[in-house]
Amino acid sequence: MESRVNSDPWTVVAERLGTDLYLDLQPDPTETARGRGARRRQSLASALREAIDDGRLPPGTRVPPYRSLAADTGLARGTVAAVYQELVAEGWLVARQGSGTRVADTAQRTTAPRLTPASSSVRSAPRHDFSLGQPNPSLFPRRDWIAATRRAVTAAPDDAFGPGDPHGHPALRTSLAAYLSRARGVRTTPDQIVVTTSVKSALELLSRTVFDTTIAVESHGLPFHRQAVERGGTAAVPIPIDGGGAVVDALPHSVSAVLLTPSHQYPTGIALSPTRRTAVIEWARTSGRLIVEDDYDGELRYDREPVGALQALGPDAVIYTGSVSKSLSPAVRIAWLVLPPPMVDTVVQAKGIREPDASVVDQLILADLIDTGAYDRHIRRSRQFYRRRRDVLTARLARTGVDVPGIAAGLHAVIPVPADIEPLIAAEAARRDIALVGLSGFRHPDVPQESGGIVVGFGTPSASSFTTDVDALLDLLADYLPNRRLRAE
Ligand SMILES: Cc1ncc(COP(=O)(O)O)c(C=O)c1O
């Protein structure tokens, strides 16, 4: 048996309780022996109450026999027994013959459990979840990731476990250069790639380094990306979007760069027209300005060959960025910038002398996934999964006379609704616990609202609930678009 002679009695108590439990029992050395005994008894009682109250001792947990607790703590057996009886009387504990003393199932909580996150950050899953910004979690290639981890960690040289290179690990940059050129037509060498944790962090970095005072952004986009640019010290002014994507003729002279989502405008889903693709490259080249291409879901195309990256038309004028947030998971935290060569040093230096955020181990795992083809297989599986969903959603809507504009791509769709109805639908959706967003949530604050829309992330619902979720969505729309036959059939 392990010797406990020198161990801290409260550590032993914790062990006995089967949890890493800290019971704060601090005797006051100035007290008399008698006073000290009474104080320790109170102290043990309140420490146990507190541990039950804040969830460290969950209902049903067996507390140690009082003899052992007495021996471990140096308290008299009678003292511990009295504390247990007191807590039984108060309803914190239950004592049953033959099964010892346990935390009561009904132990009353007076405070929120300390171990759960603050209530403001707790989100229970909505009943019908069409939220945006993440792929379906059931698709995450867990087995491939585990296998890649085993291979990558086994093969990694020792220096992979030192501080990371802010440029990004060469293995990942090499894999990405090959992948982006093969899958998206990007023209790059590994040296032009800089690894970051997200498109958001890439934008912040660009704002601190290569953007001037003002850049142009599409009239609708991700608010937190716009804010990332602004946090870096750059103002973001809007340009309109129409059926051909961003209206590049409207780019103001005052901007040094434009941030575009040319393959699939976010969130409207429109692809930048071929004439505008050429025109914007021309605009950048002739005036020494920059285009930032956010290719957030470039691989997720369903009806035709993907539109290649705009970067291929002008690698000297386009900064290309993307991440695994849509293809794998936003929890992985790996993204990339493909920079024109003269910018690489400035951007890498701005990151500091070590990689500040992106895990080098995860970079090696992603490199392995790409090199072994597991990443491509995962993308192909994801495409099929989302294409089926998109087909179901658009077919159900089309039967009722609602067309989803934009190309068939990505993980979300915009359902057009009159602008004045949009906030009513969004409010009623919240009441019915349907997670979706109104198009105006993506509008630049300086842009007046013209058309309305409901943006639904059709990738998010679980497989078991997708049909019911779509029914709930159609029922909601039917209440606000009464001329359409939208009711679930
Ligand atoms: C338009 C757009 N760009 C980029 C991303 C990826 O963002 P990040 O890499 O910051 O997670 C998303 C994900 O929601 C997006 O919607």
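I take a polar contact to be a pair of N or O atoms within 3.5 Å. With that cut-off in hand, I turned to this predicted model and its ligand.

Entry: I looked up the side chain of Lys 326 and found one of its N or O atoms 3.5 Å from an oxygen atom of the ligand. For the backbone, I noted a polar atom of Val 199 at 2.8 Å from a ligand oxygen. I also recorded a polar backbone atom of Lys 200, which lies 3.0 Å from an oxygen atom of the ligand. I then checked the cover: the ligand taken alone exposes 390 Å², and the protein buries 94% of that.

Entry: I listed the residues around the ligand, among them Gly 133, Ser 198, Leu 222, His 225, Tyr 266, Asp 294 and Tyr 296. Ser 323 and Ser 325 also belong to this shell. Sorted by class, I have four nonpolar, five polar and three charged residues around the ligand.

**Entry: confidence.** I noted a mean pLDDT of 87 for the chain, with 85% of its residues at 70 or more. Over residues 1-7 I found pLDDT under 50, and the model gives this stretch four contacts beyond four places in sequence. Residues 111-120 also stay under 50, with ten such contacts beyond four places in sequence.

Terms used:
Residues numbered from 1 in each chain as written. Predicted model: local features only at pLDDT ≥ 70, side-chain atom pairs only at ≥ 80, totals over all residues. Heavy atoms only, no water. Near = heavy atom within 4 Å. Polar contact = N/O pair within 3.5 Å; in protein donor to acceptor, adjacent residues only side chain to side chain. Areas by Shrake-Rupley, 256 points an atom, 1.4 Å probe, with all protein chains shown as cover. Nonpolar A, V, L, I, M, F, W, Y, C, P; charged D, E, K, R; others polar. pLDDT = per-residue confidence, 0-100. Contact = heavy atoms within 4.5 Å.
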